[in-house]
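Work through the exercises below with the model in view. Try each task before reading its solution.

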Amino acid sequence: MRIGAHVDSSDPLAEASARAAEAVQFFLSDPQGWKAPKPRADADLLRAAEVDLYVHAPYVINVATLNNRIRIPSRKLLLAHAQAAAAIGAKGLIVHGGHVNAGDDPAVGFDNWRKTFAYAADSGGFGVPILIENTAGGDNACARRLDALARLWDALGDHEVGFCLDTCHAHAGGEDLLGLVDRVRAVTGRIDLVHANNSKGAFNSGQDRHDNLDGGTIDPDLVVAVIRAAGAPVVVETPGGVDGQGADIAFLRERLGAEIRTA
Ligand SMILES: [Zn+2]
């Protein structure tokens, strides 16, 4: 099982070795901005690296919204990031499920996701797996709770789409981690990546505030159980830089290794 961390984008491979990580996730541009990613000077190095690479799309992207001034640039930016992620050999592009505004019809939001995949298919394809991530907050989210996720997957139909399960977002979003992997798989059929984070916010608080694995409101054993059940690569998006994330990665390796040895 490959375990890694979300790191600064300047030199992801150096960040990986500083944490003894087998995978890294990073942004290709300002996560709060609308700028398309620039080609990277280290693209050849990244493509040849042993470390698995994941790219996280900017937070501003919301392809579900009924506001066309957000939706249209969102799907363009998502495609630009997917193609830039493909150019560095990334295993996937992670994007949040998005939401519609209060009073808007959620069905249109799910259909906007379908349109996004159709648009990409008509524009040469994403070129990299798109992993939709569950989110923590909001009453009109497409991927906070499993009932919404089921409608999203129905809308996406035959389009090839992956799933990234964030343990902080699930807990803060109001989905119990116990047995969650089976409940998710019943909807999506797959889990491609686990974001292993503890949560500063309480269960169902709606707060997206990550904590180190031995901190926060989630029993770390539950995070380990989710990872083991998912059998997917893991990225920690926890605070504390090299020290904090390095300790989280070491904790997971020890716990997962111990459980595998005694299994
Ligand atoms: Zn996450």
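Helices (H or I, at least four residues) and strands (E, at least two) are DSSP runs, numbered from the N terminus. This is a predicted model: local features need pLDDT of at least 70, side-chain atom pairs count only at pLDDT 80 or more, and totals for chains, interfaces and linings use all residues. Residues are numbered from 1 along each chain as its sequence is written, and side-chain values use heavy atoms, with hydrogens and water left out.

**Exercise 1. Find the residue with positive phi just after helix 7.**

Solution. Go to the end of helix 7 (180-188). Just after this helix comes G189, with a positive phi of about 80°. Now try helix 5: G157 follows it, and the phi of G157 is also positive, near 50°.

**Exercise 2. Which residues of helix 5 are buried, and which are exposed on the face turned away?**

Solution. Buried means under 20% relative accessible area, exposed over 50%, and partly exposed in between (1.4 Å probe, protein chains only).
- Step 1. In helix 5 (residues 146-156), the buried residues are L146, A148, L149, L152, W153 and L156.
- Step 2. They cover an arc of only 150° around the axis, which puts them on the same side of helix 5. The arc is taken from the directions from the helix axis to the C-beta atoms.
- Step 3. The face turned away from the buried side carries exposed D147 and D154.
- Step 4. The cover over the buried residues includes helix 4 (106-122), strand 5, strand 6 (162-166) and helix 7. Contact means heavy atoms within 4.5 Å.

**Exercise 3. Repeat this for helix 7: which residues are buried?**

Solution.
- Step 1. L180, V181, V184 and T188 are the buried residues of helix 7.
- Step 2. Seen down the axis, they fall within an arc of 95°, so they line one face of the helix.
- Step 3. D182 and A186 are exposed on the other side.
- Step 4. Covering the buried residues of helix 7 are, among others, helix 5, strand 6, helix 6 (167-173) and helix 8 (220-230).

**Exercise 4. What does L165 touch?**

Solution. L165 sits in strand 6. L165 has a relative accessible area of 2%, so it counts as buried. Leave out residues up to four places away in sequence; the contacts of L165 then include L180, V181 and V184, as well as H195.

**Exercise 5. Which residues line the largest cavity?**

Solution. On a 1 Å grid over the protein atoms alone, a cavity is a set of points where a 1.4 Å probe fits but cannot get out; lining residues have an atom within 4 Å of a point.
- Step 1. The structure holds 1 cavity of 30 Å³ or more. The largest has about 60 Å³ of space, a volume filled by probe spheres set on the points, with grid points joined across faces, edges and corners.
- Step 2. Its lining includes L146, L149, F163, L165, L180 and V184.
- Step 3. Helix 5, strand 6 and helix 7 are the elements that give two or more residues to this lining.

**Exercise 6. Which residues are the protein donors of the zinc ion?**

Solution. Donors are N, O and S atoms within 2.8 Å of the metal (3.2 Å for Na, K and Ca); water is not among the atoms, so sites may look incomplete.
- Step 1. The protein donors are E133 (OE), D166 (OD), H195 (ND1) and E237 (OE), 2.0 to 2.2 Å from the zinc ion.
- Step 2. E133 lies in strand 5 (residues 130-133) and H195 in strand 7 (residues 193-195), so the pair ties together parts that are 62 residues apart in sequence.
- Step 3. Both E133 and H195 are buried.

Terms used
On a 1 Å grid over the protein atoms alone, a cavity is a set of points where a 1.4 Å probe fits but cannot get out, and a pocket is an open set with protein on both sides within 12 Å along at least five of seven lines; lining residues have an atom within 4 Å of a point.
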